[in-house]
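This briefing goes through the ligand surroundings, the nonpolar cores and the chain as a whole. Please keep the sequence and the structure open while reading the points below.

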Amino acid sequence: MRLASLLQSTSREPAYGYLLDADGDALLQDGRVLWIMQLQQRRILHASIGVEEIYGHTKERFVADHSLWLECIAPGDRQQLQTLLTTIGVGQSHTLSLRINRPDGSPRWIEYQIKCLADYATGDMHVRFVGTDITTRHHLEIALARSNRALRAITACEDVIGHAANESTLLQGICDVVTATGYQLAWAGLIESDGAITPIGLTAKHQDYLDAMKVPLGAGGNGTIAIATALRTRRPAVANYFASDMSPTPWRLAAMRYGFHSKLVLPMADQDTMLGVFNVYASEPDAFDAQEVALLVSLAQRVAMELRAHRDRAGRQAAEAALRLRERAIECSANAIIISSARAPDFVIEYVNPAFERITGYSAAEAIGKNSNFLLGTDHDQPGLLEIRAALSERREGKAVLRNYRKDGSLFWNDLHIAPVTGDDTRTTHFVAAMSDITPMKQYETTLHRMANHDALTGLPNRSLLEDRLENAINYSARNEHSLWVVLVDLDRFKLINDTMGHQAGDHLLKIISDRLQSSVRESDTVARLGGDEFVLVLPECADGNASSAADVIQRIMDAVIQPLTIRGNEYVLGCSMGVAVYPNDGTDPATLMAHADVAMYRAKDNGGNSFQFYTPVMHDAALKRLQLEYQLRRAIELDELTLHYQPQVDLRHGTIVGMEALIRWNHPQMGLITPGSFIGMAEETGLILPIGIWVLRTACLQAKKWQDMGHDNLRIAVNLSARQFVQTDLTETIADILQQTGLPPHCLEIELTESSVMADIERHLLILHAIKALGVHLSVDDFGTGHSSLAYLKRFPIDTLKIDRSFVRDIALHQDDASIVATIIALGHNLHLQVIAEGVETENQMAVLRAQGCDQMQGYYFSKPLPAEQIEALFLDQQITV
Ligand SMILES: Nc1nc2c(ncn2[C@@H]2O[C@H](COP(=O)(O)O[C@H]3[C@@H](O)[C@H](n4cnc5c(=O)[nH]c(N)nc54)O[C@@H]3COP(=O)(O)O)[C@@H](O)[C@H]2O)c(=O)[nH]1
């Protein structure tokens, strides 16, 4: 139909023939609409019937309602039409695509051919709109654009995938590329082990969007609904209309702020695992159609595959790194590592680490291919080996400490730990052995053990090891029906030397004696030190049953001990007392044998020392008595059982008593008066001599002062001092205190010291002697002639008196030798300007000889026996002393 006739047939309006130009016939093909507007007034003059089809309004209403033509156009498109109408000139044509809003809400896209013509008759300008519905084409174009956008993204991502170094750069690159190829934003979220989603790919400008996302993305949360849906269904989730979503969630509000209107959440998963989500945002609502979604799904799958590949690669690299680390650890380990085949019986070594080479001295080449028992050398009889062999055959872990030998043959202690290594099929293919060289620890253990069981000074077994050895020896003797000798050795006069010469000298002496004892017995015999100067020998009967051999040993020991020894240039002769107890006669257990040997030893000592005694039951009683006596002596001071007797010392020239020697006695309640020879030795051994010595000193000074007060002016009192007292540190102070307390003038006290105790440690004793001498006290050397005096030193001693031992006096009138010795001592004393006193004078002849030799003073039974103080007073009164 021609346009003119169409206009006439469809409208009752006046004809607008001038609007029908050459192309007019083409204007009203099917599906088109035509309307004519009076331009100046924007009034519709005419509309074709198609208005109803396209706009959804009747053409009458379209013409009658002057604003309807504009309202039908989507608000967003109106302005461009208005602009065009303002600028269009007569004869001009334009094409414009506009979106139409229909009353039913469905949008249509209309392409308008707009032409402006003039009615020269009226001067009006008319605009002719011929619209074609291009809705379908429009949709196709949009879909195509979206597909193109997705395809561009996919293509660009391939490049990223090909070059990404790791997961992070992969995802960041993908997101950047997707954002650059037409989407508003892309970010990926990876699922962590705790379920949290870590976003990757957000740029700094989207940071607050990320912050808004944090709450829904948190661990254990559901994420956004779309994310939660995608994760749950493993399918893409689309949110196409943010604007119409009325939920006030922070992320939605942030999205709106950024101009995001739609989003697509794509799960990224491999076959087994959900790896994360890939999120794509578009600025337009309803942005994602099925085709684009399908394309982006393929992109997400491709990314997921690449993620998996990265993870596999990273896993492999981590595994390789861990393996390398373990290899390095084995190589660098301080412990030796051996890997050997589990194939019995050889268990050949396949690998050794450098520490093995270092510890054993064998190179890897020398060890590989061998059984590791080559480290045992010939030492195959070791308890730990049983455990290792059992562990190997039972295919289990095992450990033991073994003696191994280095290449140079030296021993090292190997703390070995073996463990089976299983292959993929769980069968044991290898054993790995870790070896620690614990030799220093073992040596330390040995030292500790040695220290615990040996005497530090001599290196001999101590009491604890002795008990062990004795126990074993008894068991051995019992099994073989042999006898066994337990010999207790105590050195005579050791305490004297130790006290007077100092502990260093004493230690030196003990070492010499211990060597001598050891070299006197068989190597299999035990020589132990109990402490002090006490040694014990355990002598099992010889296999040949020759009992006399033990007696020979005892004699050998005595001979060895008594050999002279030199300490600090002085020669000494030291005897020993030995007690022997024999298994089984004298006891069948260590304690009894030791106790009986001890009893026998004391008997030997009581007999004067330097001898040995076999135990007899009678001795036991004596020993008990001795113990009892020791106990009683401890209490004797408190019970006031000690007393002093006094023996006069007579001046030969004037025939007067010039002094008294104080001599201790023990007034025992049952045993009567006991002389010092029976208890002074015990007092010295037990240390009781110290309190006893102080008591003697004080009592003697008091008595002397008393006699002086009775008129015996200048009477001197002589007090014996044992070697033990002499070295007590506060001796000088003690003497000074007693003199001060008793009021006795110092020159009236004479301290008697034995020659041997003074001579023992000359330099030290010189100091003590000078200190005592400085108090004004007299010093006397007792028993002179029996010890080993050095005349040179004697000259240096601040002594006043030499006391000739009574053994020389005894035969002075009978033997010329003794007379000569005494004459020499007297001459010596006088040359040194010393007084000389002779003790033990019993006869007139003795007195006469001594007087003839010029001896100054005498003491002895000839004048008086030692007497209690009361009787001495009678002696004073009677003047009974005959000179
Ligand atoms: N540390 C202390 N030792 C003391 C003390 N009192 C005594 N002793 C020491 O005991 C030794 C023995 O003393 P004692 O049994 O008293 O014998 C003395 C005299 O009784 C005895 N003596 C005196 N004259 C004669 C005699 O003519 N013949 C003879 N056979 N014996 C006689 O000699 C002893 C005195 O000797 P000495 O001391 O060497 O002058 C005694 O040797 C003291 O070492 C004490 O308190 N502390």
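A polar contact is taken here as a pair of N or O atoms within 3.5 Å. The model is predicted, and the ligand in it has an oxygen atom 3.2 Å from an N or O atom in the side chain of N720, which means that this pair falls within the 3.5 Å cut-off.

- At the side chain of D782, an N or O atom is 3.0 Å from an oxygen atom of the ligand.
- For D783, the corresponding distance between a side-chain N or O atom and a ligand oxygen atom is 3.3 Å.
- The ligand taken alone exposes 820 Å², and the protein buries 83% of that area.

**The shell around the ligand**

- There are 21 residues around the ligand, and those that come nearest are E661, R665, R806, E839 and E842.
- Sorted by class, the shell around the ligand contains 9 charged residues, 7 nonpolar residues and 5 polar residues.
- At least two residues of this shell come from β24, which spans 656-668, and at least two likewise come from β28, which spans 778-784.
- With 4 residues, β24 gives the most to the shell around the ligand.

**Nonpolar cores**

- In soluble globular proteins, nonpolar side chains tend to be buried together.
- The largest nonpolar core holds 77 residues, of which I717, L749 and L850 touch the most other members.
- Helix α24, made up of residues 689-709, gives the most to this core, contributing 9 residues.
- Another core, lying apart from the largest one, consists of 35 residues, including I154, C175, A186 and A287.

**The protein chain as a whole**

- The protein chain has 883 residues, and 47% of them count as buried.
- Its secondary structure comes to 33 helices and 32 strands.
- Among contacts in the protein chain with a separation of 6 or more, 59% are between residues 24 or more positions apart.
- The protein chain exposes about 42600 Å², and carbon and sulfur atoms supply 53% of that area.

Technical notes
Residues numbered from 1 in each chain as written. Predicted model: local features only at pLDDT ≥ 70, side-chain atom pairs only at ≥ 80, totals over all residues. Heavy atoms only, no water. Near = heavy atom within 4 Å. Polar contact = N/O pair within 3.5 Å; in protein donor to acceptor, adjacent residues only side chain to side chain. Areas by Shrake-Rupley, 256 points an atom, 1.4 Å probe, with all protein chains shown as cover. Nonpolar A, V, L, I, M, F, W, Y, C, P; charged D, E, K, R; others polar. Core = buried A, V, L, I, M, F, W, Y, C linked by side-chain atoms within 4.5 Å. Buried < 20%, exposed > 50% of the residue type's maximum accessible area, 1.4 Å probe, protein only. Contact = heavy atoms within 4.5 Å.
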